[in-house]
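Please keep the sequence and the 3D view open as you read.

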Amino acid sequence: MQPHEQWLDRAEDDLSFAQLGFREKYFSQACFLSQQVVEKSLKGFLLAKGRTYPRLHKVIELAKLCVEIAEDLEPLKDDLKLIDEFYIPTRYPDAVPGGLAEGLPGPDEARSALETAATILQLIRSRI
């Protein structure tokens, strides 16, 4: 199995677990795992295109690198702003003073995060 396929398989697993978490009302975890789906999808895309990826978790930065390869991925960046907000506050309650403006994410944020994650994973798979 190619390295990019391993990343995308992990992204699929995270998406499935995020959907399960959402159904069970674990909205923070669904949001965090959605961020992971996007991060792993973008890193998989970079690897599939013969690039390396930086050791970072900001999906906006990863998306910029992907857009250098495929300009039609540019619209992704708008959907990723909210996703980036979920990485730290959903994991560490005291990591960012104030964290998310409304506190922990709820069902609306989790639904949006899941939709974004599923869309991006599907889009990335279609481009490889």
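The report below starts with the overall picture and then moves from helix to helix.

## Ground rules and overall picture

This is a predicted model, in which local features need pLDDT of at least 70, side-chain atom pairs count only at pLDDT 80 or more, and totals for chains, interfaces and linings use all residues. Residues are numbered from 1 along each chain as its sequence is written, and side-chain values use heavy atoms, with hydrogens and water left out.

The protein chain has five helices and zero strands, giving the pattern α-α-α-α-α along the sequence. Here helices (H or I, at least four residues) and strands (E, at least two) are DSSP runs, numbered from the N terminus. Of the 128 residues in the protein chain, 43% are buried. Buried means under 20% relative accessible area, exposed means over 50%, and partly exposed lies in between, using a 1.4 Å probe and protein chains only. Contacts (heavy atoms within 4.5 Å) can also be sorted by sequence separation: among those between residues at least 6 apart in sequence, 64% join residues at least 24 apart.

Helix α1 covers residues 3-23, and its 21 residues should span 30 Å at 1.5 Å a residue; the end C-alpha atoms are 31 Å apart, which agrees. The expected span is 1.5 Å times one less than the number of residues.

Which residues of α1 are buried? They are His4, Leu8, Ala11, Asp14, Leu15, Ala18, Gly21 and Phe22. Seen down the axis of α1, these buried residues fall within an arc of 130°, so they line one face of the helix. The arc is taken from the directions that run from the helix axis to the C-beta atoms. As background, an α-helix has 3.6 residues a turn, so residues three or four places apart point the same way. The buried residues of α1 pack against α2 (27-48) and α5 (107-127), while the face turned away from them carries the exposed residues Arg10, Asp13, Phe17 and Arg23.

## A look at Ala18

Ala18 sits in helix α1 and is buried, with a relative accessible area of 0%. Leaving aside residues up to four places away in sequence, Ala18 touches Ala30, Leu33, Ser34 and Leu114. Its C-alpha atom is 6.8 Å from that of Gln29, a residue 11 places away in sequence.

Gln36 counts as buried at 13% relative accessibility. Gln36 and Ala18 are 18 residues apart in sequence, with 9.6 Å between their C-alpha atoms.

## From α1 to α2

The loop between α1 and α2 holds Lys25, which is exposed with a relative accessible area of 61%. Lys25 has a positive phi of about 70° although it is not a glycine.

How do the two helices meet? α1 and α2 pack at an angle of about 165°, with their axes 8 Å apart. Axes are lines fitted to C-alpha atoms, for helices over the stretch in contact, and angles run from 0 to 180 degrees between N-to-C directions. α1 and α2 are therefore roughly antiparallel to each other; that term applies to angles over 145 degrees, with under 35 being roughly parallel, 65 to 115 roughly perpendicular and the rest oblique. Residues of α1 in this contact include Trp7, Leu15 and Phe22, and those of α2 include Phe27, Val37 and Leu47.

## Helix α2 and what follows

The 22 residues of α2 should span 32 Å at 1.5 Å a residue, and its end C-alpha atoms are 31 Å apart, which agrees. α2 is mostly covered, with 19 of its 22 residues buried.

Just after α2, Gly50 takes a positive phi of about 80°. Thr52 lies in the loop between α2 and α3 and is exposed, with a relative accessible area of 67%. The C-alpha atoms of Thr52 and Leu65 are separated by 9.9 Å, and the two residues are 13 apart along the chain.

## The α3 and α4 pair

Helix α3 (residues 59-69) packs against helix α4 (residues 76-84) at an angle of about 155°, with their axes 9 Å apart. That makes α3 roughly antiparallel to α4. Among the residues that meet here are Val59, Ile60 and Val67 in α3, and Leu80 and Ile83 in α4.
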